[in-house]
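Please find below my notes on this model.

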Amino acid sequence: MQKAAYKTKQQDLLFTYLREMQGKHFTAEDVRAHFEAKKISIGIATIYRQLEKLVAEGKIQKYFIDDHSAACFEYSGDDCQDKEKHFHLKCELCGRLIHLECDELEELGGHLKTEHGFVINPLRTVFYGVCTDCASRQEKKDE
């Protein structure tokens, strides 16, 4: 006999928020700030514990973008089968994290595996640069 999972109101609220955030990146602090703004009391330790539990269950992905930033999470959806197919772009000016799904990178991954015996981990691969919005602002500033 399998033991039923213990569910709390806080877990339900958190999971509802994660569904709203589908396809977007967030930190534990973002989650805390969201609930604080709604005057809902959920402790940061509870948030971390629940996020880690959901990572272990495969319901959300956890990313470490660099050594200086907090862990970043993403809820990909209940029926997402292809969670590991995208890479990330990080803007060095505004810090925004952008999904990148590109067949060219899959080809590059195949080349690296075949020719160099190296397998890229898309969950840990981040390309740094400047996003379109920041580049446009920089161009306007330079005019």
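Leaving aside its neighbours within four places in sequence, which residues is T125 in contact with?

1. Contacts of T125. The residues are F87, H88 and I120, once neighbours within four places in sequence are left aside. Contact here means heavy atoms within 4.5 Å.

2. Basis. This is a predicted model, in which local features need pLDDT of at least 70, side-chain atom pairs count only at pLDDT 80 or more, and totals for chains, interfaces and linings use all residues. Residues are numbered from 1 along each chain as its sequence is written, and side-chain values use heavy atoms, with hydrogens and water left out.

3. Setting of T125. T125 sits in the loop between α4 (103–116) and β6 (126–129). Helices (H or I, at least four residues) and strands (E, at least two) are DSSP runs, numbered from the N terminus. T125 is buried, at 17% relative accessible area. Buried means under 20% relative accessible area, exposed over 50%, and partly exposed in between (1.4 Å probe, protein chains only). The T125 side chain also reaches the backbone oxygen of N121, at 2.7 Å.

4. Helix α3. After α3 comes G58, with a positive phi near 80 degrees.

5. Buried in α3 are T46, I47, Q50, L51 and L54. Down the axis of α3, these buried residues fall within an arc of 130 degrees, so they line one face of the helix. The arc is taken over directions from the helix axis to the C-beta atoms. An α-helix has 3.6 residues a turn, so residues three or four places apart point the same way. The face turned away from the buried side carries exposed R49 and A56. Elements covering the buried residues of α3 include α1 (9–20), β1 (25–26), α2 (28–37), β2 (60–63) and β3 (72–75).

6. Aromatic rings. Rings of Phe, Tyr and Trp (its six-membered ring) pair if their centres lie within 6.5 Å; planes under 30 degrees apart count as stacked, over 60 as edge-to-face and the rest as tilted. By this rule there are five aromatic pairs. F26 and F73 are stacked, at 6.1 Å centre to centre and 25 degrees between the planes. This pair links distant parts of the chain: F26 is in strand β1 and F73 in strand β3, 47 residues apart. F26 is buried at 0% relative accessible area, and F73 is buried at 1%. Y17, F26, F35 and F73 form one aromatic cluster.

Technical notes: Polar contact = N/O pair within 3.5 Å; in protein donor to acceptor, adjacent residues only side chain to side chain.
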